[in-house]
Amino acid sequence: MLRRSIEQFRTAFLTFYDEVYLPDHAAPLNRWVHFLSNVLALVCCSLGLLLWNWIWFAFGVWFQLGPPFLGHLLFEKMHRSIDQSPIFAALGSWYTTLNIFMGKQSVTYGPKTKVDESVTHERVR
């Protein structure tokens with residue numbers, strides 16, 4: 001029962017991610033803003049934990065929310081994902097950051113595909 005619920009959640013999230021989140025984050029500058037804000041949020045929250053200082057946590061929350069909102073205003077001119085599902089939108093931001101760190105996505109160009117790899121190999125030759 002729990003396994004089926006988790007699988008349904010995962011399927012719903014990945015559908016949202018592919019159909020709503022990624023198109024809302026197509027502008028390279030907006031992707032950079034989101035990525036850097038997540039990294040800075042992690043750094044600030046880690047410092048808050050390490051130094052036991054709530055001010056660093058406040059900076060972490062600001063970095064998580066402020067710059068991405070401004071990125072949407074300046075570069076995308078829309079933000080459908082947050083309107084449709086705030087939880088999935090927040091998860092999408094962290095999922096993208098994880099994929100960038102794992103090399104599955106590019107900060108500038110989005111998800112890597114087989115076509116991207118063949119184009120890269122052609123450029124190298």
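Buried means under 20% relative accessible area. I kept that cut-off at hand while going through this predicted model.

**Entry: Asn38**

I looked up Asn38 and its surroundings. Asn38 sits in helix H2, which spans residues 28-51. Its relative accessibility is 0%, so Asn38 counts as buried. Next I listed its contacts, leaving out residues up to four places away in sequence. Asn38 touches Gln64, Ser93, Trp94 and Thr97. With Gln64 there is also a polar contact, side chain to side chain, at 3.3 Å. I then checked Pro67, which lies 29 residues from Asn38 along the chain. The C-alpha atoms of Asn38 and Pro67 are 9.6 Å apart.

**Entry: Gln105**

I moved on to Gln105. Gln105 belongs to strand E1, residues 105-106. I asked myself: is Gln105 buried or exposed? Gln105 has 5% relative accessibility and therefore counts as buried. Its side chain makes a polar contact with the side chain of Tyr17, at 2.6 Å.

**Entry: salt bridge**

How many salt bridges does the count come to? I noted one. The side chains of Glu7 and Arg10 form a salt bridge, with 3.8 Å from N to O. Side chains of opposite charge can pair when their charged atoms come close. I checked the spacing in sequence too. Glu7 and Arg10 are three residues apart in helix H1 (residues 2-24), so about one helical turn separates them. I looked up accessibility for each partner. Glu7 is at 40% relative accessibility and so counts as partly exposed. Arg10 is at 47%, so Arg10 counts as partly exposed.

Methods:
Residues are numbered from 1 along each chain as its sequence is written. This is a predicted model: local features need pLDDT of at least 70, side-chain atom pairs count only at pLDDT 80 or more; totals for chains, interfaces and linings use all residues. Side-chain values use heavy atoms; hydrogens and water are left out. Helices (H or I, at least four residues) and strands (E, at least two) are DSSP runs, numbered from the N terminus. Buried means under 20% relative accessible area, exposed over 50%, partly exposed in between (1.4 Å probe, protein chains only). A polar contact is a pair of N or O atoms within 3.5 Å; within protein, one must be able to donate a hydrogen and the other to accept it, and residues adjacent in sequence count only if both atoms are side-chain atoms. A salt bridge is a side-chain nitrogen of Lys or Arg within 4 Å of a carboxyl oxygen of Asp or Glu. Contact means heavy atoms within 4.5 Å.
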